[in-house]
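Here is a friendly briefing on one protein chain, arranged by topic. Have the viewer open as you read.

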Amino acid sequence: MTVTLADVAARARVSPATVSRVLNGNYPVAASTRERVLRAVDDLDYVLNGPASSLAAATSDLVGILVNDIADPFFGIMAGAAQTQIGGPGDGSGRAGGEKLAVICNTGGSPERELTYLTLLQRQRAAAVVLTGGAVEYPDHQAAMAAKLAKMADAGTRIVFCGRPPLPEGDALVAALAFDNRGGGRRLTEHLISLGHRRIGYVAGPPERTTTRHRLEGHREALRGAGIGTEAGDEERLTVHGPYDRRSGYEATLEILRRDPTVTAVVAANDTVALGACAAVRDQGLRIPQDISVAGFDDLPFSVDAVPALTTVRLPLFEAGARAGRLAMGKENPPPGGIATIAAELMIRGSTAPPRVG
């Protein structure tokens, strides 16, 4: 059943005119009244401007791109690439053509903020939403996401995941472009094992993120395949979780070296974390890769300019973001079944080498 402005007014115990004033922001309203109206809007999941079915156009010219951190190149590259397909140039006349207005929504990694942005985009009848990067695996949040996205899809919004797997439940997607994080993590650690490393530390991301879990699972698959890390709880002892930032890489690497000074290699959850790991190794008076090898993930632009250049796993971030933008605009057909796994490529550079003998 479609929720009307009158329903919101009844729930908030105010007049429809007051609800309109709060939503339009064009007339002073008492703070307590405003809060009551907004709570009613959230409780009823009211969409501003009435039911989409009664409008000439079911959706607006707005497309939302959700990112965890726009300052992180991982997200910035994907968002920028998606925007090239969403808000591209028109015919040169200055008139609007088939373009849409792309809005970047920076969640800061907050599940609550992610849902808030989706609600705001729903009220604006967004034409499409592109959600980038790993998802939070809290069951309550996943259920809330599935319900919210289903309502948006029913109203005509295209839903595209870029760099994240589909939700366990929910079929509202146009497409999910998921990176092969598990396979990439496995191949990276297999490379280190092939060089002769047996004591390998791992700086992981936040434990609640799908990206973290999949990359760590790949790493541990490689260890177990080689019969490494299965005794005395080494897998857990040589793994330290933290945010996807340089400081985390620095502090976690120091902790790993404290726990086991015989470690000969450190795998980082991403390239930014790897930079912190490299700094920690050097501050301990150790050389890369002669004393300790360091590897990252993502192949961000700076990784090749690190000294030595960083061994990492390349994810085609720009290509994935552009494809997500085309899917959001209906310029490209969805993959079979709506899900595509994007391959990860191992990039072997100077930061990894065989462990020092003796």
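**The second largest pocket**

Twenty residues line the second largest pocket, and nearest its centre lie Asn-68, Asp-72, Phe-75, Pro-206 and Tyr-244. A pocket here is an open set of points on a 1 Å grid over the protein atoms alone, where a 1.4 Å probe fits and protein lies on both sides within 12 Å along at least five of seven lines; lining residues have an atom within 4 Å of a point. This is a predicted model, in which local features need pLDDT of at least 70 and side-chain atom pairs count only at pLDDT 80 or more, while totals for chains, interfaces and linings use all residues. Residues are numbered from 1 along each chain as its sequence is written, and side-chain values use heavy atoms, with hydrogens and water left out.

- The volume of this second largest pocket is about 350 Å³, counted as the space filled by probe spheres set on grid points joined across faces, edges and corners.
- Its lining has five nonpolar, eight polar and seven charged residues; Ala, Val, Leu, Ile, Met, Phe, Trp, Tyr, Cys and Pro count as nonpolar, Asp, Glu, Lys and Arg as charged, and the others, Gly among them, as polar.
- At least two residues of the lining come from each of α4 (73-86) and α8 (210-225).

**The chain as a whole**

- The protein chain has 12 helices and 12 strands, taken as DSSP runs numbered from the N terminus (helices H or I, at least four residues; strands E, at least two).
- Of its 358 residues, 50% are buried (under 20% relative accessible area, with exposed over 50% and partly exposed in between, for a 1.4 Å probe and protein chains only).
- The C-alpha trace spans about 80 × 50 × 35 Å along its principal axes.
- Among contacts (heavy atoms within 4.5 Å) between residues at least 6 apart in sequence, 73% join residues at least 24 apart.
- Thr-2, in the segment before α1 (5-12), is partly exposed at 45% relative accessible area.

**Thr-107 and helix α5**

- Thr-107 sits in the loop between β2 (101-106) and α5 (111-123), and its relative accessible area of 7% is why it counts as buried.
- The Thr-107 side chain reaches the backbone nitrogen of Gly-109 at 3.1 Å.
- Leaving aside residues up to four places away in sequence, Thr-107 touches Leu-66, Val-67, Asn-68, Arg-113, Glu-114 and Tyr-117.
- Buried residues of α5 include Glu-114, Tyr-117 and Leu-118; their cover includes α3 (31-44), β1 (62-67), β2, β3 (128-132) and α6 (139-154).
- After α5 comes Arg-125, with a positive phi near 55°.

**Helix α11**

- Helix α11 (residues 271-283) has 13 residues and reaches 18 Å from its first C-alpha to its last, close to the 18 Å expected (1.5 Å times one less than its number of residues).
- In α11, 10 of the 13 residues are buried, among them Asp-271, Val-273, Cys-278 and Val-281.
- Elements covering the buried residues of α11 include β6 (200-204), α10 (246-259), β8 (265-268), β9 (293-295) and β10 (312-314).
- Asn-270 caps the N-terminal end of α11, with a side-chain oxygen 3.2 Å from the backbone nitrogen of Thr-272.
- Just after α11, Gly-285 has a positive phi of about 75°.

Methods
Polar contact = N/O pair within 3.5 Å; in protein donor to acceptor, adjacent residues only side chain to side chain.
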